[in-house]
Amino acid sequence: MTSWLGCVAADRFAAIAPVVGLRAGNPLASDPTHPDPATCRPSRPLPVIAFAGDADTTNPIQGGGAKYWSYTMHAAEMRWATLNGCTAAPTTRWVAPKVYEERYTGCRDGADVAGRITVGGGHSWVVDNDALWAFLSQHRR
């Protein structure tokens, strides 16, 4: 739901922070391993931080699962980075003993895209609340 709101109502939100379900539109009909660009057209660059567990079997970050989850979380991150005009190469770094972050920077209007993955985390609240607040509090609408 959060991802969809980012796609259709970016003008109403300063940033989005999906938990266990980053999307960037529906899967492309001709290749469901990629998001369909026509189904996510935010009106402006929108900062994104998403949280997920790599052991989530409901919304697996590797793709699969329900029909709407055909593409990977990484594909969703890449699509948001494209939508936000990010120019820097993505980086990956460990931010905690069992948490790594994939981040796209150099984005228009400071609309970075970050995905935080909890190793062994399932379909649950895998959010670092401090990191969530630090990210969201940087953005105002």
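Q: Is Arg 116 buried or exposed?
A: In this predicted model, Arg 116 is buried, with a relative accessible area of 11%. Burial here requires under 20% relative accessible area, so the 11% of Arg 116 qualifies.

Q: Where does Arg 116 sit?
A: Arg 116 belongs to strand E6.

Q: Which residues does Arg 116 touch, leaving out those up to four places away in sequence?
A: Its contacts include Ile 49, Ala 50, Phe 51 and Ala 52. Arg 116 also touches Met 73, Arg 93, Val 95, Val 99, Tyr 100, Glu 101, Asp 128 and Ala 131.

Q: What sheet is E6 part of?
A: E6 is in an open sheet of 4 strands, ordered E3-E6-E5-E4, with mixed pairing. Strands E3 and E4 (91-96) are the edges, and each pairs on one side only. From one strand to the next, the twist averages 20°.

Q: In which sense do E3 and E6 pair, and over how many bridges?
A: E3 and E6 (residues 113-118) pair in the parallel sense, over 6 bridges. Within this pairing, Ala 50 is opposite Gly 115 of E6.

Q: And how do E4 and E5 run?
A: E4 and E5 (residues 99-104) run antiparallel and are joined by 5 bridges. Thr 91 faces Arg 103 in E5 as its opposite residue.

Q: Back to E3: how many of its residues are buried?
A: For E3 (residues 48-53), 6 of its 6 residues are buried.

Q: Which E3 residues point which way?
A: Val 48, Ala 50 and Ala 52 point one way, while Ile 49, Phe 51 and Gly 53 point the other way. Side chains in a regular strand alternate between the two faces of the sheet. Here the residues pointing in either direction from E3 are all buried.

Q: Which strands does helix H2 lie across?
A: H2 (residues 73-83) lies across E3, E5 and E6, and runs at about 165° to E6.

Q: What about H3?
A: Helix H3 (residues 129-136) lies across E3, E5 and E6, running at about 165° to E3.

Q: Changing topic, how much space lies in the largest pocket?
A: The largest pocket holds about 240 Å³ of space. It is lined by 16 residues, and the closest to its centre are Met 1, Ser 3, Trp 4, Gly 21 and Arg 23.

Q: Which helix gives the most to that lining?
A: Helix H1 (residues 2-8) gives the most to the lining of the largest pocket, with 4 residues.

Q: What is the lining like by class?
A: The lining of the largest pocket has 8 nonpolar, 7 polar and 1 charged residues.

Conventions: Residues are numbered from 1 along each chain as its sequence is written. This is a predicted model: local features need pLDDT of at least 70, side-chain atom pairs count only at pLDDT 80 or more; totals for chains, interfaces and linings use all residues. Side-chain values use heavy atoms; hydrogens and water are left out. Buried means under 20% relative accessible area, exposed over 50%, partly exposed in between (1.4 Å probe, protein chains only). Helices (H or I, at least four residues) and strands (E, at least two) are DSSP runs, numbered from the N terminus. Two strands pair if DSSP finds at least two bridges between them. On a 1 Å grid over the protein atoms alone, a cavity is a set of points where a 1.4 Å probe fits but cannot get out, and a pocket is an open set with protein on both sides within 12 Å along at least five of seven lines; lining residues have an atom within 4 Å of a point. Grid points are joined across faces, edges and corners, and a volume is the space filled by probe spheres set on the points. Ala, Val, Leu, Ile, Met, Phe, Trp, Tyr, Cys and Pro count as nonpolar, Asp, Glu, Lys and Arg as charged, and the others, Gly among them, as polar. Contact means heavy atoms within 4.5 Å. Axes are lines fitted to C-alpha atoms, for helices over the stretch in contact, and angles run from 0 to 180 degrees between N-to-C directions.
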